[in-house]
Amino acid sequence: MPRLSAVADPERWVPVTDSFGFGGRRARKKAIRMLLGQANAAMGAQPRPGGGFAAWAMSQAAPALMRKAAGRVLVWVWKAEPELVVVMAQLQQATPQLRTARAMMPMEYDDTETFRGTYLGAGEKLFLPTPPPTSTREGATPPPPFATYTWDTGTHLVTVTAVGGDRERFGTVIGAVDELARSLKIVDDLAMGEAPGVLRLDPA
């Protein structure tokens, strides 16, 4: 089964995937709290006293959920300040339904530029440090800054989404996100006898 692999600088990133240590748990909790806060603000909800517990509970479950995804989903948070940026890479089968959903995305998503990965080749990048408002309601919280990277292999779509917690500083880390996205590759386990036409020579 194909899965994603990437080279993340340990001085910059804390992996959520398979990260059960105390340090990783603390970083996950901060990042999840930021995401929950932005989601509540987008829906016009006020922060709730139980928000801290929700972030803690989700931070406990995240590594197991990532492991269950079997490498099809990878997540990192910014080590120095987990609330600053969360990055998720995802490998999805390119079904007709997925392609239709992507074709129906808002017009702002058409403003992409070519982005070349070291292993995945030419893809697309969309950088929106100041996304357009999703609501015309007075006083509505503006959507968070984000960047997306996409590669279409024909059979699968590889997407990377980076969400920031600070519009003013999101641009300061986008270079590191570029570097992380560029390192992505697809790894496919090949079992003996599963691929007809492959000649294997005995080492002797």
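**Close-up views of a predicted model**

**View 1. T148 and its contacts.** Setting aside neighbours up to four places off in sequence, T148 is in contact with E124, K125, L126, V160 and T161, where contact means heavy atoms within 4.5 Å. T148 sits in strand β7; strands (E, at least two residues) and helices (H or I, at least four) are DSSP runs numbered from the N terminus. T148 counts as buried because its relative accessibility is 15%, and buried means under 20% relative accessible area with a 1.4 Å probe and protein chains only. This is a predicted model, in which local features need pLDDT of at least 70 and side-chain atom pairs count only at pLDDT 80 or more, while totals for chains, interfaces and linings use all residues. Residues are numbered from 1 along each chain as its sequence is written, and side-chain values use heavy atoms, with hydrogens and water left out.

View 2. A hairpin of six residues joins β3 to β4. V75 has M88 of β4 as its bridge partner, and M88 in turn has T161 of β8 as a bridge partner. β4 and β8 run antiparallel, joined by nine bridges.

**View 3. The largest nonpolar core.** This core holds 26 residues, of which W13, V85, V87, Y149, W151 and L184 touch the most other members. A nonpolar core is a set of buried Ala, Val, Leu, Ile, Met, Phe, Trp, Tyr and Cys residues joined through side-chain atoms within 4.5 Å. Helix α4 (174-182) is among the elements that give two or more residues to this core, and α4 gives the most, with five. Beyond four places in sequence, L184 touches residues including L74, A89, W151 and V160.

**View 4. The second largest cavity.** About 30 Å³ of space lies in this cavity, its volume being the space filled by probe spheres set on grid points joined across faces, edges and corners. A cavity is a set of points, on a 1 Å grid over the protein atoms alone, where a 1.4 Å probe fits but cannot get out, and lining residues have an atom within 4 Å of a point. The lining is made by W76, V87, A89, V160, V177, L180, A181 and L184. Here too α4 gives the most, with three residues.

Key
Buried means under 20% relative accessible area, exposed over 50%, partly exposed in between (1.4 Å probe, protein chains only). Two strands pair if DSSP finds at least two bridges between them. On a 1 Å grid over the protein atoms alone, a cavity is a set of points where a 1.4 Å probe fits but cannot get out, and a pocket is an open set with protein on both sides within 12 Å along at least five of seven lines; lining residues have an atom within 4 Å of a point.
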